[in-house]
Amino acid sequence: MEHIIVSNMMDYFDTHNILCPQQHGFRSKHSCETQLIGFTQEIADSLDQGQHTDVIVIDFSKAFDKVDHHKLVHKLKHMGVNPYITTWIKDFLHNRSQQVLVENKVSHRPRCFLVPTGLCRRPKSILAYINDLPGSVRSRVRLFADDTIVYLTIKSHASAQSLQGD
């Protein structure tokens, strides 16, 4: 059932061009490798033009464990995902808990942020969850699944002076 829902959701995203073009993880024909090649070429071109680029690399550690279920469902609804699918996802994630066994003692913790391990939907949930990130910052953004590069290319001082003199 889960595979069918994920496939339909991804088909919907692709058909309606919902996912931002900066996202290159967990997508057909948009791999992290193609993203890295494009970024590397862009940096090389900037260097050739006498520019420099300031880069921030962000690794969302344990990203799958930090997806707020309510926000995820809200974002899916906002993206126009079928209400039956969003209801199924909401019900599936509702009242999740985590168990830890240490020295024959089990602890139970409710988890409203955990996307269960092993789900084929787990990586895809990140795509919907961070899809609005590029529109929220003024710099350029490249998304590598749950990792992000934020960068700004600036003309060097010498390059800017030569342009002013022309």
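Phe-144 lies in strand 4 (residues 140–144), strands being DSSP runs of E of at least two residues and helices runs of H or I of at least four, numbered from the N terminus. The model is predicted: local features need pLDDT of at least 70 and side-chain atom pairs count only at pLDDT 80 or more, while totals for chains, interfaces and linings use all residues. Residues are numbered from 1 along each chain as its sequence is written, and side-chain values use heavy atoms, with hydrogens and water left out.

- Phe-144 is buried, with a relative accessible area of 12%; buried means under 20%, exposed over 50% and partly exposed in between, for a 1.4 Å probe and protein chains only.
- Beyond its neighbours within four places in sequence, Phe-144 is in contact (heavy atoms within 4.5 Å) with Gln-23, Cys-32, Gln-35, Leu-36 and Ile-149.
- Thr-34 is 110 residues from Phe-144 along the chain, and the C-alpha atoms of the two are separated by 9.8 Å.

**Chain as a whole**

- The chain has 6 helices and 5 strands, in the order α-α-β-α-α-β-β-α-β-β-α from the N terminus.
- Of the 166 residues in the chain, 36% are buried.
- Among contacts with a separation of 6 or more, 67% join residues 24 or more positions apart.

**Helix 1 and helix 4**

- The axes of helix 1 (residues 2–15) and helix 4 (residues 83–93) come within 11 Å and cross at roughly 135°; axes are lines fitted to C-alpha atoms over the stretch in contact, with angles from 0 to 180 degrees between N-to-C directions.
- Helix 1 is therefore oblique to helix 4, the class left after under 35 degrees (roughly parallel), over 145 (roughly antiparallel) and 65 to 115 (roughly perpendicular).
- Glu-2, Ile-5, Asn-8 and Met-9 of helix 1 meet Ile-85, Trp-88 and Ile-89 of helix 4.
- By class, this contact of helix 1 with helix 4 has 5 nonpolar, 1 polar and 1 charged residues; Ala, Val, Leu, Ile, Met, Phe, Trp, Tyr, Cys and Pro count as nonpolar, Asp, Glu, Lys and Arg as charged, and the others, Gly among them, as polar.

**Positive phi in loops**

- Asn-17, in the loop between helix 1 and helix 2 (32–48), has a positive phi near 50° although it is not glycine, and Asn-17 is exposed at 64% relative accessible area.
- Asn-104, in the loop between strand 2 (97–102) and strand 3 (105–110), is another non-glycine residue with positive phi, about 65°; its relative accessible area of 74% makes Asn-104 exposed.
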